[in-house]
Amino acid sequence: FRTLDSADVSNKRVLLRVDLNVPMENGKVSDATRIERVLPTIREIADKGGKVVLLAHFGRPKGRDLKETLRPVAAVVAEHLGRPVGFAEDCVGPAAKAAVDAMKPGDVVLLENTRFHPEEEKNDPVFVKSLAENGDLWVSDAFSAAHRAHASTEGLGHVLPAYAGRTMQAEVEALAHALEAPKRPVLAVVGGAKVSSKLELLGNLVKKVDILVIGGGMANTFLAAQGKAVGKSLCEKDLLDTARSILETAKGANCEIVLPVDATVASEFKAHAANKVVSVDAVGPDDMILDIGPASIETVKGKLAQAKTLVWNGPFGAFELEPFDTGTNAVAREAARLTKAGQLLSVAGGGDTVSALNHAGAAEDFSYVSTAGGAFLEWLEGKPLPGVEILRLR
Ligand code: 3PG
């Protein structure tokens, strides 16, 4: 698709869609990763003499609700950018127009939360036109919101010349390397609590990857599907048939499924709870599986050593409670080591994954860590993302 290389931004009003849906604690941005990721695109456009008009959503407000204003985020973007960032109280209408009309080449302005208008999520063509009035071209750098076909993430691409920003470009390239034309064998690691939230993902992955390692709470459902006792562990009993059919599909597609062979169990869900390692054939009625055990860690490390490409989504155990972060830490660090040694291309993303890898101190050494949650999952499920599709050259 068209990237910034072919955009003439000089003296143009550039509507730049970014993802500033950042976590906040007590009114302060608690993780600025998404802000950091869009700085190169903002700088490049500003340095080429463009007027950078930032569009973004925040939270899921129902109409204009100042609890979800982007105003404090503008200040944080300015701080990280090291340049002033203006703010307009609305993303359309007189306030937006006045702010944009006053801009000089190189200026940066953030417009208020696009979701203050319900028409944003409806991708309403009249609203798209109102947004487009303040821009000569549209650049999307919001991969993590690209699973939404909203006015600012997709609609604008129908009415303005559309380009991918640098982060969008990097993200799509990294993901394409991992699943579209990957170096094989490809190993996928899928963890997290529930099979139910990742059914489509597992169904798609078994058809695409060579080895699928299943960890976290969802592994218990697979163990139970094989007739093993899981005690008090998290387990979705109504999905045993579904788990069996995923195992069958994998067999037919020549995808090797790797499940834990041992587990660290405790009788309560608490940091430093008394715990022991047991074989998955010996889980007692009061045991709660909170992590994979040492033999499983070695098995997964062995699989990593065979792989050329790794796709990772979801932690292995209750990584937020020590010592049940042991499995996630060990596997993440081994993946990071192999990546650093040039033996592995490693891509990770989605929900808890980034914090699990950060916790393990492994994120830095992965080839690519996506800031996307839902968009990363939909991509793993094999679904086209509307905010990416609109950027493809037609
Ligand atoms: C995200 O945080 O994953 C994106 O910004 C999308 O937000 P949404 O799930 O509210 O659409």
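This is a predicted model: local features need pLDDT of at least 70, side-chain atom pairs count only at pLDDT 80 or more; totals for chains, interfaces and linings use all residues.
Reader: In which order do the strands of the open sheet run, and with what pairing?

Author: The open sheet has six strands in the order 5-6-4-1-7-8, and the pairing is parallel. Strand 5 (86-88) and strand 8 (162-164) are the edges; each has a single partner strand, so one side of each lacks a neighbour in the sheet. From one strand to the next, the twist averages 25°.

Reader: How many bridges join strand 1 and strand 7?

Author: Strand 1 (residues 13-17) and strand 7 (residues 137-140) are paired in the parallel sense by four bridges. Within this pair, Val14 is opposite Leu137 of strand 7. Helix 1 (residues 33-47) packs on the sheet and touches strand 1, strand 4 (51-55), strand 6 (108-111) and strand 7. The direction of helix 1 makes about 175° with that of strand 1.

Reader: Is Leu20 buried or exposed?

Author: A residue is buried if 20 or more other C-beta atoms lie within 10 Å of its own. Leu20 has 23 such neighbours and therefore counts as buried. Leu20 lies in the loop between strand 1 and strand 2 (24-25). Phe58, in the loop between strand 4 and helix 2 (71-81), is buried with 22 C-beta neighbours inside 10 Å. Beyond four places in sequence, the contacts of Leu20 include Phe58 and Arg34. An unreviewed UniProt entry includes Leu20, Phe58 and Arg34 in its "binding site" annotation.

Reader: Which residues are around the ligand?

Author: They are Asp19, Asn21, Arg60, Ser144, Ala145, Arg148, Gly373 and Gly374. By class, this shell has one nonpolar, four polar and three charged residues.

Notes
Residues are numbered from 1 along each chain as its sequence is written. A residue is near a molecule or strand if its C-beta atom, placed from the backbone, lies within 6 Å of it. Ala, Val, Leu, Ile, Met, Phe, Trp, Tyr, Cys and Pro count as nonpolar, Asp, Glu, Lys and Arg as charged, and the others, Gly among them, as polar. Two strands pair if DSSP finds at least two bridges between them. Helices (H or I, at least four residues) and strands (E, at least two) are DSSP runs, numbered from the N terminus. Axes are lines fitted to C-alpha atoms, for helices over the stretch in contact, and angles run from 0 to 180 degrees between N-to-C directions. Two residues are in contact if their C-beta atoms, placed from the backbone, lie within 7 Å. UniProt positions are given in the numbering used here, feature names are shortened, and annotations may be inferred rather than shown by experiment. A residue is buried if 20 or more other C-beta atoms lie within 10 Å of its own, exposed if 12 or fewer, and partly exposed in between; C-beta atoms are placed from the backbone.
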